[in-house]
Amino acid sequence: MKKQELIESIYIDANLLVKDGIFWGRNISWNASPDYKNKVDKVIAGNNEDGSIFIVDRNYGSPYVDIYVRGGIAWNGSPGNTVAWASKKSSDDLLCRSINQLNEVRELIGIELPKPSLYSLFYREQHSAAMSILENFLYCMVLREMIFDRDTLVNNIRCFDYESDYLSLGKCVKNAKTDHELYILLVDKITRIVYHNFEKVTLLYKIIFDIDISEIITVVNKEVIKRNNIVHRNGAELNGEPMIMQKEHVVFFIDNVQKAITGIWNLIKNNTKTNQR
């Protein structure tokens, strides 16, 4: 089996044009000296006819990669929507974004529909959206920690007492000979975790952030069954009966998602090990 490699730095030996999609990087620098070509993991040439421009027309890059551009950067639309510096995304940004997304779902719930028969389907979709916002918040907080301080992350993983290998992280520790190899395995493992499996997420947050979110997450844990019914069975129960979703329940669920997100954010911010994040 070919050894997995993690590219952490790229030099684009051209100008950069972001025509479409999001151009991701942990840190992005332009007018970068050609000296970086000998320091990075990978050098990329321009992809237009004369090689002077590297054109991006889809989502490109990675939040784990430092990108150096020899020339300038140009983009269509707002740079905030097309060029993303992962290292500049704070936990405060993630909290505000998640709450704004929940508020958008709240606005949708107030829409009048043409037929009463559509409401249950419509509310199921808003329930699913709220759950997705929670999952994305939980994932992005972990993702940012992996980017922000990889050395602390690796140390926490190595030092944790694995009574059981429920997340298979202990296996990663045993298989990795160096911290770099361990980090590669962690990137693969942590990005594959299902973030509505709150038992796994609770353990993951204990390992990475040294906090216990079990009590906070209880307010939304029972909604996973409804989420699975919506996503996998078009809103039907295991017995085949249709699940009736009402507006009041979805509004209550959205409020609980916001409480969970805010509560977890506060725990992380107040933790002395992570309060500088």
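Where is Asp 210 found? Asp 210 sits in the loop between helix H7 (198-209) and H8, helices and strands here being DSSP runs numbered from the N terminus (H or I, at least four residues, for helices; E, at least two, for strands). Asp 210 has a positive phi of about 60° although it is not a glycine. Asp 210 is partly exposed, with a relative accessible area of 34%; buried means under 20% relative accessible area, exposed over 50%, and partly exposed in between (1.4 Å probe, protein chains only).

The model is predicted, so local features need pLDDT of at least 70 and side-chain atom pairs count only at pLDDT 80 or more, while totals for chains, interfaces and linings use all residues. Residues are numbered from 1 along each chain as its sequence is written, and side-chain values use heavy atoms, with hydrogens and water left out.

Asn 31 also has a positive phi, of about 55°, without being a glycine. Asn 31 belongs to the loop between strand E4 (27-29) and strand E5 (42-45), and is exposed, with a relative accessible area of 57%.

Overall, the protein has ten helices and ten strands. Of its 277 residues, 43% count as buried. Among contacts (heavy atoms within 4.5 Å) between residues at least 6 apart in sequence, 79% join residues at least 24 apart.

A nonpolar core is a set of buried Ala, Val, Leu, Ile, Met, Phe, Trp, Tyr and Cys residues joined through side-chain atoms within 4.5 Å. The largest such core has 57 residues, of which Leu 138, Val 142, Leu 204 and Tyr 205 touch the most other members. Helix H3 (residues 119-148) gives the most to this core, with 13 residues. Leaving aside residues up to four places away in sequence, Leu 204 touches Val 142, Leu 167, Leu 169, Ile 190, Ile 193 and Tyr 195. Another core, of 15 residues, lies apart from it, with Phe 23, Phe 54, Val 56 and Ile 73 among its members.

Helix H8 (residues 214-221) and helix H10 (residues 247-270) pack at an angle of about 165°, with their axes 9 Å apart. Axes are lines fitted to C-alpha atoms, for helices over the stretch in contact, and angles run from 0 to 180 degrees between N-to-C directions. H8 and H10 are therefore roughly antiparallel to each other, a term for angles over 145 degrees. Their contact involves Ile 216, Ile 217, Val 219 and Val 220 of H8, and residues of H10 including Phe 253, Asn 256 and Gly 263.

Notes: Parallel < 35°, antiparallel > 145°, perpendicular 65-115°, else oblique.
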